[in-house]
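Let's take a walk through this one together, from the overall layout down to a few aromatic rings. Have the sequence and the model side by side as you read.

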Amino acid sequence: MSQLFEAALANNLPGVDNYNICPTNQIHVVQSGEGTRHIVSMRWGFIPHWYSAPNDGPLLINARAETLAEKPAFRQACRTRRCLIPASGFYEWTKDDAGNRLPWYIQRASGAPLVFAGIWQDWGDDAIRTCAIVTCTAEGPVTQIHHRMPVILEEKDWPLWLGEAGHGAATLMKPASEDALTFHRVSHKVNSNRASGPELIDPFDI
């Protein structure tokens, strides 16, 4: 990741063998400032500055692209505190006729890492660094699973999103191309936040 993003590594990064990242977990995030990129640890769950405690309001793990610049919680971050959030893939759920949650694993068709558009915010006297993933309306086959998806950035667009290449980041907040992603059913074991092993992303025989 350091080579891919041309970024220096912080010394407090979380372990990378977790295949079931959950809200409030610490995750890897790429941020840019003063001409240098850094891969740092952030809490997945954006905390607005007016919260008196981390649980003082809704858990903000996602930020809708359509209203990002308008929402008081996000509008300053979307202008000045944008980041990249790398992942091998992500989960979404459908429901069967009985209401059971059925998990799906979504990844790049090429097997390359995904890079989500993100925003970040320092919160509290201890400057807890927090972030959210920017989402947009889904298009293509992914709509069979969910009507929303993360904004996925291509490498050529990273400098613009990070603010290194001037203005115009808003133009990047759109769905990935229809052939960019693939998905398959995975075991219901991923529904437990105690599960974390690589078997969680193995195809599940329906």
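What pattern does the protein follow when read along the sequence? Keep in mind that this is a predicted model. Going along the chain, you get α-β-β-β-β-α-β-β-β-β-β-β-α-β, which comes to three helices and eleven strands.

Now for the overall dimensions. The radius of gyration is 17 Å, and that agrees with the value near 17 Å for a compact globule because the chain has 206 residues. Along the principal axes, the C-alpha atoms fill a box of roughly 50 × 35 × 35 Å. Buried residues account for 43% of the 206. As for contacts with a separation of 6 or more, 61% are between residues 24 or more positions apart.

On to the rings: the structure holds six aromatic pairs. One of them is F5 with W158, a tilted pair at 4.6 Å centre to centre and 35 degrees between the planes. F5 belongs to helix α1 (residues 2-5) and W158 to helix α3 (residues 158-161), so this pair ties together parts 153 residues apart in sequence. F5 and W158 are both buried.

Y91 and Y105 make another tilted pair, 5.5 Å centre to centre with 55 degrees between the planes. Here Y91 comes from strand β6 (residues 90-95) and Y105 from strand β7 (residues 101-108), 14 residues apart. Both tyrosines, Y91 and Y105, are buried, and together with W93 they form one aromatic cluster.

Methods. Residues numbered from 1 in each chain as written. Predicted model: local features only at pLDDT ≥ 70, side-chain atom pairs only at ≥ 80, totals over all residues. Heavy atoms only, no water. Helix = DSSP H or I, 4+ residues; strand = E, 2+ residues; numbered from the N terminus. Rg over C-alpha atoms; globule rule 2.2 N^0.38 Å. Buried < 20%, exposed > 50% of the residue type's maximum accessible area, 1.4 Å probe, protein only. Contact = heavy atoms within 4.5 Å. Phe/Tyr/Trp six-rings, centres within 6.5 Å; stacked < 30°, edge-to-face > 60°.
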